[in-house]
Amino acid sequence: MLSSILTRITARGGRIAFGLAGALLALAVQAEDVGGYVLQGSKAAELDSCVEDTRVMRRRHFELIKHQRDVTVYGGIRSTKHSLSGCVSCHVVHGPDGQPVPIHDDGQFCEACHAYAAVHMNCFDCHATVPVGEAWNRAQSAAHVSKHRAALAQVADESPHAVSREEDSPR
Amino acid sequence: MNENTNATEQRVPDGLADAGRRSFLGSAAGIGAAAVAPGVVLHTVANAAPRTTPVDDSHRWGMLVDTAKCAEGCSACVDACEVENGLDLQDMPEDADPIKWENQRATWIRKVKLQDNQSGRVTNLPLMCQHCEHPPCVDVCPTGASFKRADGIVMVDRHICIGCRYCMMACPYKARSFIHEVVERKLTRAPRGKGCVESCNLCAHRLDDGEISTACADACAAEGHQAIIFGDLKDPNGPLRKALGETSNRQIRQDLGLNTGVRYANL
């Protein structure tokens with residue numbers, strides 16, 4: 001009698017243990033699935049990791065962005081790697097028409113994961129959702145300068161800085 | 001009709017004289033630029049990289065507007081500002097009254113025309129945030145969103161602006177605008193959203209990238225007026241201090257003792 005009860009308990013324990021292991025496995029699989037929001041075709045898809053380790057970015061990206069926000073607004077430092085415009089320019093994908101798809105559209109990088117996590121973000125109430133007008137309007141200014149200050153325009157074009165800025169404009 | 005004809009006839013010799021003067025000024029400016037070019041290049045290269053250290057009070061940015069050179073009917077500074085700061089991307093709501101919209105849409109620079117009723121003298125000037133040393137908008141802000149950056153630029157931290165508009169009431173220059181509607185299109189360098197106040201920030205994104213210029217001053221120079229000189233109030237050898245030293249100038253509402261960063265000549 002006793003042995004049969006013991007057997008039954010052990011069997012149940014086994015079942016519970018098996019069930020737990022299964023649940024954990026499912027969770028693990030699910031956790032892997034959560035990572036799949038980087039879209040093919042974006043610059044980010046070609047890189048091994050984001051500006052920090054992927055695990056750090058998943059857990060703390062909002063803290064990094066928020067810290068950068070104050071550094072930028074009060075300190076005028078816009079060039080560091082944790083800037084929101086950097087997120088957008090690296091993670092945005094381009095549609096069939098060659099135009100960038102807004103990063104907060106359905107299924108896009110930011111929106112897809114935030115929808116999954118049920119977290120509302122309001123970054124893009126104000127911030128641009130596609131990389132446009134990142135630095136100041138260099139082309140327009142150059143046109144102005146060349147029109148009336150040809151000498152200065154020549155200096156600006158010859159300086160190596162003018163070239164490098166256009167290349168590394170997404171920040 | 002007669003008046004029009006007269007005006008046209010007058011304008012022709014005027015325009016010719018102007019053209020001659022401009023070409024002379026242009027060549028003079030070219031010589032000047034060539035002469036100072038080595039210094040300019042050194043300066044630009046030294047400061048032209050995006051900044052990596054926080055702004056400090058070694059600079060105080062400001063402007064001198066020569067109202068005698070500010071042409072009536074010219075809106076080059078306003079237009080350049082709109083393009084530079086994405087203000088031209090604001091869309092009028094479908095049900096809005098166009099006149100009300102024109103009054104309510106955000107503008108950072110307004111062209112103001114003053115007339116002395118006794119003498120009839122007319123003065124044109126661009127009016128924007130004056131970047132006061134003691135800004136009333138900062139005094140009244142209940143959240144600390146309105147603030148003065150270390151380099152003297154008065155700005156709004158729109159992350160903590162609650163849109164109460166006290167600053168708009170406090171500003172003697174009517175320099176601030178409120179964003180009433182959702183903004184669909186915006187530039188990366190100029191975030192903008194419903195429910196926040198904003199105003200001229202002296203093209204801070206340019207300064208932060210090491211470019212010592214503003215869109216309005218560039219546009220004014222491109223038009224050949226050279227009415228706006230932008231520079232560092234703390235640089236005793238800079239173009240701004242030089243111009244301030246040479247021209248009689250004043251602050252608008254000097255009586256308020258705000259010590260504005262934007263000064264006006266021939267006003």
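Guide: Start in chain B, where the cover over the buried residues of α2(B) includes β3 (122-127), α7 (215-222) and β8 (228-232) of chain B. The model is predicted, with local features needing pLDDT of at least 70 and side-chain atom pairs counting only at pLDDT 80 or more, while totals for chains, interfaces and linings use all residues. Residues are numbered from 1 along each chain as its sequence is written, chains are lettered from A and ligands numbered from 1 in the order in which they are written.

Visitor: Which residues of helix α2 of chain B are called buried?

Guide: A residue is buried if 20 or more other C-beta atoms, placed from the backbone, lie within 10 Å of its own; 12 or fewer make it exposed, and anything in between partly exposed. In α2 (residues 76-84) of chain B, the buried ones are B:Ala76, B:Cys77, B:Ala80, B:Cys81, B:Glu82 and B:Glu84. After α2(B) comes B:Gly86, with a positive phi near 65 degrees.

Visitor: What makes something a helix or a strand, and how many of each are there in chain B?

Guide: Both are DSSP runs numbered from the N terminus: helices are H or I with at least four residues, strands are E with at least two. By that rule chain B has eight helices and ten strands, whereas chain A has seven helices and zero strands.

Visitor: Why are β8 and β9 of chain B said to stand at the edges?

Guide: Two strands pair if DSSP finds at least two bridges between them. In chain B, four strands form an open sheet in the order β8-β1-β10-β9, with mixed pairing. β8 and β9 (249-250) of chain B each have a single partner strand, so one side of each has no neighbour in the sheet.

Visitor: How do you know that β1 and β10 of chain B pair?

Guide: Four bridges join β1 (residues 61-66) to β10 (residues 262-265) of chain B, and the definition asks for at least two. The two strands run parallel, and B:Met63 has B:Val262 as its bridge partner in β10(B).

Visitor: What makes a group of residues a nonpolar core?

Guide: The members are buried Ala, Val, Leu, Ile, Met, Phe, Trp, Tyr and Cys residues, joined through C-beta atoms within 7 Å. The largest such core has 53 residues, and those with the most contacts inside it include B:Val65, B:Cys77 and B:Cys81. Among the elements giving it two or more residues are β1, α2 and β10 of chain B. α7(B) gives the most, with seven residues. A second, separate core of twelve residues includes A:Val88 and A:Phe109.

Visitor: Why is helix α3 of chain A called largely enclosed?

Guide: Seven of the eight residues of α3 (residues 84-91) of chain A are buried, so the rest of the structure largely encloses this helix. Among the seven are A:Leu84, A:Cys87 and A:Val88. The buried residues of α3(A) pack against α2 (54-75) of chain A.

Visitor: Why is A:Val51 called partly exposed?

Guide: A:Val51 has 16 other C-beta atoms within 10 Å, which falls between the limits of 12 and 20. A:Val51 is in the loop between α1 (2-34) and α2 of chain A.

Visitor: What is A:Val51 in contact with, beyond its neighbours within four places in sequence?

Guide: Contact is defined by C-beta atoms, placed from the backbone, that lie within 7 Å. A:Val51 meets that test with A:Lys81 and A:His82. A:His82 is 31 residues from A:Val51 in sequence, with 7.3 Å between their C-alpha atoms.

Note on methods: Two residues are in contact if their C-beta atoms, placed from the backbone, lie within 7 Å.
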